Amino acid sequence: MAPLLLLLLLCSGRRRGCGGVVGRLAAMLTFVVAAVVDKRAAMALMYDDVEVVWGADHSFFYMDDGGGDTLAICLDETHGSGFRSRDAYLYARFDIDIMLVANNSAGTVTTLYLMPEDVPWEIHDEVDLEFLGNVTGEPYTLHTNIFVDGKGQREQQFRLWFDPTADFHTYSIIWNPKHIIMLVDGVPIRDFKNEARRGAAFPTWQKMRAHGSLWNADDWATQGGRVKTDWSAAPFYAYYRGLRATPCAPSPGVAWCGDEPPESPRFDLPPTDAAALRKAREEHLLYDYCADTTRFKDTGLPLECTS
Ligand SMILES: *[C@@H]1O[C@H](CO)[C@@H](O)[C@H](O)[C@H]1NC(C)=O
Ligand SMILES: *[C@@H]1O[C@H](CO)[C@@H](O)[C@H](O)[C@H]1NC(C)=O
């Protein structure tokens with residue numbers, strides 16, 4: 001009797017997990033629904049372009065009928081999973097399509113970020129897009145940050161203007177010697193300028209890879225950590241597909257982007273993009289560290305905020 005009970009307990013415990021047949025089936029079913037919703041062919045094979053770096057038993061690749069494929073990441077009470085691009089780049093544009101955890105996603109964080117190989121924290125750079133989940137019916141927050149030489153505190157937050165769980169949307173990071181630009185469905189939302197001339201920090205020398213992950217962060221993510229992950233709603237799934245990495249192209253005759261002369265207009269934001277950026281920020285910006293004078297009242301606003 002006791003072993004049977006134990007088995008039953010284990011099975012019911014597993015029901016909410018990512019492993020085993022049930023987890024895979026759930027991911028597959030959700031994915032099939034998503035594939036019907038959006039039939040655009042993905043351009044690249046995730047399987048070829050990324051490697052799962054942790055939680056491999058919580059990541060599944062699916063082929064879709066567009067010939068592309070999708071990486072489903074599963075989060076349960078034990079852990080989530082994360083991947084990175086196989087290649088690293090010094091200046092590139094990264095685009096990827098993501099469909100976020102649906103329904104009650106409170107406590108979960110789905111990410112897209114750039115990061116170098118393991119380096120000491122003092123020289124750690126990072127460009128972050130973190131999608132903070134919420135309870136059913138309440139909106140996600142897109143939390144962004146930029147770390148240079150181990151120092152972040154450059155947060156900006158946005159409200160998305162669509163339901164990011166109903167379909168795939170394209171999230172992009174353009175990184176060149178003059179800007180780090182974040183885009184949502186091709187709309188620029190954040191432009192972090194290289195103000196190194198004036199002594200501000202900017203990542204300029206080490207290659208970075210694109211990373212993605214789904215993990216539990218219910219100590220801070222949702223409504224400041226007040227709303228916890230509801231594990232009875234687990235397993236949670238986020239879907240990634242079509243990673244495109246386009247290396248930065250310098251002007252003809254220039255060896256690489258880092259050699260582009262400072263006066264070159266190569267990396268200037270086209271006027272239409274500048275206008276789109278202004279409009280997106282007027283409409284969707286929730287928080288900007290550059291506007292947080294209370295927070296920086298003792299030190300003054302960071303240099304890059306005062307151009
Ligand atoms: C979200 O909720 C709807 C309505 O209850 C349901 O049809 C759908 O399957 C749920 N999606 C997931 C991923 O659980
Ligand atoms: C979740 O929803 C609440 C209520 O609408 C909102 O205040 C909050 O910013 C949303 N996002 C997060 C991550 O808490």
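**Aromatic contacts in close-up**

**View 1. Arg 241 and Phe 168.** In this predicted model, the charged end of Arg 241 is placed over the ring of Phe 168. The distance from that charged end to the ring centre is 4.0 Å.

**View 2. Phe 83 and Tyr 240, an edge-to-face pair.** Searching the whole structure gives 13 aromatic pairs. In the pair shown here, the ring centres of Phe 83 and Tyr 240 are 4.8 Å apart. Their planes meet at 80°, so the pair is classed as edge-to-face, the cut-off for that class being over 60 degrees. Phe 83 belongs to strand E4 (residues 81-85) and Tyr 240 to strand E14 (residues 236-247). The pair thus links distant parts of the chain, 157 residues apart. Phe 83 has 2% relative accessibility and counts as buried; Tyr 240, at 0%, also counts as buried.

**View 3. Tyr 91 and Trp 256, a stacked pair.** The two rings lie 5.9 Å apart, centre to centre, with 20° between the planes. Tyr 91 is in the loop between E4 and strand E5 (92-99), and Trp 256 is in the loop between E14 and helix H4 (271-284), so the pair ties together parts that are 165 residues apart in sequence. Tyr 91 is buried, at 3% relative accessible area, whereas Trp 256 is partly exposed, at 35%. Buried here requires a value under 20%.

**View 4. The cluster of Tyr 91, Trp 175 and Trp 256.** Ring pairs join these three residues into a cluster.

Key. Residues numbered from 1 in each chain as written. Chains lettered and ligands numbered in written order. Predicted model: local features only at pLDDT ≥ 70, side-chain atom pairs only at ≥ 80, totals over all residues. Heavy atoms only, no water. Phe/Tyr/Trp six-rings, centres within 6.5 Å; stacked < 30°, edge-to-face > 60°. Helix = DSSP H or I, 4+ residues; strand = E, 2+ residues; numbered from the N terminus. Buried < 20%, exposed > 50% of the residue type's maximum accessible area, 1.4 Å probe, protein only. Lys NZ or Arg CZ within 6 Å of the ring centre and 35° of its normal.
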